[in-house]
Amino acid sequence: MSLNDKLKIARKRAGFTQEEVEKRTNINKKTISNWENGVSRPDVDSITVLCKLYDVNPNEIFEWETNNDNNSYYINSDAAELAQEMFDRPEMRVLFDASRKATKEDIEQVAEILKKLSGK
C-alpha cells in the first residue's frame with residue numbers, strides 16, 4: 001500500500017475530514033489532498049504532526065520493521081489486510097465496534113458458534 005493511501009486511511013480511521021485536519025494543523029487542505037492523491041509527499045515534520053493527530057505510529061505509515069512482535073495485533077499480514085478492508089467498509093465496521101466491548105466469554109461463545117458452523 002502506498003504512502004498516500006496510508007495517510008488517507010489513517011485520517012479516515014481517526015474520523016477527520018481534510019478540512020478538520022487543516023483547522024487542527026494549519027496545513028492547507030489542498031496540500032493534504034495532494035499528499036493523499038500521491039501528487040506530492042509530506043516532509044518528516046508534517047508526517048510527525050499527522051501521526052500525532054491521527055494517533056498512529058509512524059512505523060505503520062512507513063512499514064518500518066520493529067524488533068517487537070507485540071506491535072502487530074495480527075499474526076500474519078493477510079489477516080491484517082482483510083481486517084483493514086472490513087474496517088474501511090461502514091457496513092462491516094460494526095464488527096470492530098462490537099469487539100471493543102466483548103468480554104472473554106463473548107469471544108468464547110463466538111468461537112463455539114464458528115466451530116459449529118464450520119463442522120468442527
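These exercises walk through a predicted model of one protein chain.

Residues are numbered from 1 along each chain as its sequence is written, and side-chain values use heavy atoms, without hydrogens or water. Because the model is predicted, local features need pLDDT of at least 70 and side-chain atom pairs count only at pLDDT 80 or more, while totals for chains, interfaces and linings use all residues.

**Exercise 1. Confidence**

Task: Find the mean pLDDT of the protein chain, then describe residues 66-71.

Solution: 
- Step 1. Start with the term: pLDDT is the predictor's confidence in each residue, from 0 to 100.
- Step 2. The mean over the protein chain is 79. A value of 70 or more is reached by 74% of its residues.
- Step 3. Go to residues 66-71. Here pLDDT stays under 50. The model has 2 contacts (heavy atoms within 4.5 Å) beyond four places in sequence for this stretch.

**Exercise 2. Overall build**

Task: State how many helices and strands the protein chain has, and what share of its residues is buried.

Solution: 
- Step 1. Take helices (H or I, at least four residues) and strands (E, at least two) as DSSP runs, numbered from the N terminus.
- Step 2. The count gives 8 helices and 0 strands. Along the sequence the pattern reads α-α-α-α-α-α-α-α.
- Step 3. Sort residues by relative accessible area: buried is under 20%, exposed is over 50%, and partly exposed is in between (1.4 Å probe, protein chains only). Of the 120 residues, 25% count as buried.
- Step 4. Check the contacts between residues at least 6 apart in sequence. Of these, 53% join residues at least 24 apart.

**Exercise 3. Salt bridges**

Task: How many salt bridges does the whole structure have, and where do they lie?

Solution: 
- Step 1. Side chains of opposite charge can pair when their charged atoms come close. The cut-off: a side-chain nitrogen of Lys or Arg within 4 Å of a carboxyl oxygen of Asp or Glu.
- Step 2. The search finds 3.
- Step 3. Arg 11 pairs with Glu 36 at 2.6 Å, N to O. Arg 11 is in helix H1 and Glu 36 in helix H3, 25 residues apart, linking distant parts of the chain. Both residues are buried.
- Step 4. Glu 19 pairs with Lys 29, with the closest N and O atoms 3.1 Å apart. Glu 19 lies in helix H2 (residues 18-25) and Lys 29 in helix H3, so this pair ties together parts 10 residues apart in sequence. Glu 19 is partly exposed at 37%, and Lys 29 is partly exposed at 32%.
- Step 5. Glu 112 pairs with Lys 115, with the closest N and O atoms 3.6 Å apart. Both lie in helix H8, 3 residues apart, about one turn of the helix.
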